[in-house]
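Please take a moment to look over the model before reading on.

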Amino acid sequence: KEGDNMEVYKAHGTDFSSPLKTASGLDSEPVEFDTECYACTKPGKTRICVSSIPHFKEIIITSFHCDYCNYKNAEVKGGGAISEKGKLITLRVQSKEDLSRDVFRSETCLVRIPELDFEAAAGSGSLYTTVEGMLRKISEDLRKSNPFAVGDSADAEDLSRFSRFLADLEKAME
């Protein structure tokens, strides 16, 4: 909170509490409305705005915050028309600084890490974060969505292979 009880919402350096037309290339002022919290069912605030990513398309950014239980959620969805053709973008991470680079992964994006023999299929959801944040999200999602790969019901060889992969993914973030 800053000043006269004004909430300040920030994501990747963008202040979502002020008009966004002048901030970081975002195109619209955020719209705020009350929404029931998914975690505790008390009232919370949802904010939504539209931004254009140069040479890509519009995105719709939504965020939710509950003052009662502190639940937070943010989503980024592609907006506007679907491009006629896809585009292959290759990013080679060669230094620690490259992990801090902002990326937007659309819901139709395929993420491939050949050094780890890994591929995350399209449909994994959209995400606006850093390269490191995307790798952490991949690791977290793999842990959550594969409970039998890490529990006592896991095959010893599968558990070993999965654990090695997660360790290699962690090393890639260092």
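The term pLDDT stands for the predictor's confidence in each residue, on a scale from 0 to 100. The chain has a mean pLDDT of 77, and 74% of its residues reach 70 or more. This is a predicted model, in which local features need pLDDT of at least 70 and side-chain atom pairs count only at pLDDT 80 or more, while totals for chains, interfaces and linings use all residues. Residues are numbered from 1 along each chain as its sequence is written, and side-chain values use heavy atoms, with hydrogens and water left out.

Over residues 1-13 pLDDT stays under 50, and the model has 20 contacts for them beyond four places in sequence, a contact being heavy atoms within 4.5 Å. Residues 16-25 also have pLDDT under 50 throughout, with 28 contacts beyond four places in sequence. Where pLDDT is low, the predicted coordinates should not be read in detail.

With that caution in mind, the overall layout can be described. The chain contains 3 helices and 10 strands, and from the N terminus on its elements run β-β-β-β-β-β-β-β-β-β-α-α-α. Of its 174 residues, 29% count as buried, where buried means under 20% relative accessible area, exposed means over 50%, and partly exposed lies in between (1.4 Å probe, protein chains only). Among contacts between residues at least 6 apart in sequence, 38% join residues at least 24 apart.

Strand S3 (residues 31-36) and strand S4 (residues 43-52) pair in the antiparallel sense over 6 bridges, and two strands are said to pair if DSSP finds at least two bridges between them. Glutamate 32 has arginine 47 in S4 as its bridge partner. The hairpin has 6 residues between the strands, and threonine 41 takes a positive phi near 65° there, a positive value in a residue other than glycine. Is threonine 41 buried or exposed? Threonine 41 is exposed, because its relative accessible area is 52%.

The next stop is the loop between strand S5 (58-65) and strand S6 (72-78), where cysteine 66 has its place. Cysteine 66 counts as buried because its relative accessibility is 0%. Leaving aside neighbours within four places in sequence, cysteine 66 is in contact with Cys37, Cys40, Pro43, Gly44 and Tyr71. The C-alpha atoms of cysteine 66 and aspartate 34 are separated by 9.9 Å, although these residues are 32 residues apart along the chain. With several cysteines named here, how many disulfides does a search of the whole structure find? The search finds 0 disulfides, a disulfide being a pair of cysteine sulfur atoms within 2.5 Å. Cysteine 69, for instance, is in no disulfide, and the nearest cysteine sulfur, that of cysteine 37, is 3.7 Å away. Cysteine 69 is partly exposed, because its relative accessible area is 35%.

Histidine 65 is found in strand S5, and it is buried, with a relative accessible area of 13%. Its side chain makes a polar contact of 3.2 Å with the side chain of aspartate 67, and another polar contact, of 2.9 Å, joins the side chains of histidine 65 and asparagine 70. A polar contact is a pair of N or O atoms within 3.5 Å; within protein, one must be able to donate a hydrogen and the other to accept it, and residues adjacent in sequence count only if both atoms are side-chain atoms. Asparagine 70 lies in the loop between S5 and S6, has a positive phi of about 65° although it is not a glycine, and counts as partly exposed at 48% relative accessibility.

Isoleucine 138 counts as buried because its relative accessibility is 6%. Not counting residues up to four places away in sequence, isoleucine 138 touches Arg105, Val111, Phe118 and Leu169. The C-alpha atoms of isoleucine 138 and valine 111, 27 residues apart along the chain, are separated by 9.8 Å.

Terms used. Helix = DSSP H or I, 4+ residues; strand = E, 2+ residues; numbered from the N terminus.
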